[in-house]
Amino acid sequence: TIQLTSGVELMPHLDDLQTSQYPVIEHHGDLKSTERFGQPSGYIVYSTIIPPTLRSQRVILNDYPRDVVSFFINNTIFSIQERTQGKVTAVTGPNIGTNYKLSLMVENRGRVNFGHDMKFESKGLVKSPYLDNELLNGTWKINRLPFNFDQIDYLQTELPRRSQGDLHVPYAVFGTFHANASVDTYFRFKGFSRGFIVVNGHNIG
C-alpha cells in the first residue's frame, strides 16, 4: 500500500503551472480546440467572467464533450459530463450571476485512430458555450495543462501542500514507495475516479 500523505488543489494554482512553453492565453471570441491552441494532449481550462445582465442556472455546450468536461463556478465544481453520454444540451448548476467566474476543465482521453470518426477527434471545446440563450464569446482565459515534465516538476516542488484535501475536485496527491527489484506491476486506484500517475517525474498515463 502506498500512503498518500499530502496534496495540492489545482484550480487555485492554474496560473502558477503555466510555463514558457504553455503560457496563459487571453482569447477573444469563439473558442477553439486544444490543437488550435498548440496543445496535443492533457487537460485545458477555459475560464470567463460572466458579463453584466446575465444570470442563469443553465450552461449549454455547442457540441458533445471532448472528452470529459468539468464545470466550475468560482472554482467550485457543480457537474461532470462525459463523451459517452452524447451531446449535452444543458447542465444545470447554481445561480450564475454577474462577475462570477465560469470555468470548464476539459480532459483529453485519447483519440480514435481509425474509421469515420477520426475527423471528429479535435479535443477541448470547439465552440463557445451558451448561458441560457446568450453565447459566451467574449474574453476567455486559457490555461493549458499537458502536465509535461516542467509542469509536473513545479507541481511537486514549488506549490504548498496540505495534509488532507477534497478528492472530488482536481487534486494532486503525493506518496512514496521503494521497490527492491524491477518487476512487472500495476496500480489499483480504489476510491479514485480518473486522472494519471507520475513516477519519478515521468507521466505514465
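Y43, F147 and F196 come together as one aromatic cluster. Rings of Phe, Tyr and Trp (its six-membered ring) pair here if their centres lie within 6.5 Å, with planes under 30 degrees apart called stacked, over 60 edge-to-face and the rest tilted. The model is a predicted one, where local features need pLDDT of at least 70 and side-chain atom pairs count only at pLDDT 80 or more, while totals for chains, interfaces and linings use all residues. Residues are numbered from 1 along each chain as its sequence is written, and side-chain values use heavy atoms, leaving out hydrogens and water.

The pairing rule turns up six aromatic pairs. One of them is Y43 with F196, whose ring centres sit 6.3 Å apart with planes at 50°, so this pair is tilted. It links distant parts of the chain, 153 residues apart: Y43 belongs to strand β3 (residues 43–49) and F196 to the loop between β12 (171–175) and β13 (198–199). Strands are DSSP runs (E, at least two residues), numbered from the N terminus. Y43 is buried at 14% relative accessibility, whereas F196, at 31%, is partly exposed; buried means under 20% relative accessible area, exposed over 50% and partly exposed in between (1.4 Å probe, protein chains only).

F177 and F187 make an edge-to-face pair, 6.2 Å centre to centre and 70° between the planes.

As for the strands, β2-β11-β3-β8-β5-β6 is the order of an open, antiparallel sheet of six, where two strands pair if DSSP finds at least two bridges between them. Its edge strands, β2 (25–28) and β6 (76–82), each pair on one side only.

How values were computed. Helix = DSSP H or I, 4+ residues; strand = E, 2+ residues; numbered from the N terminus.
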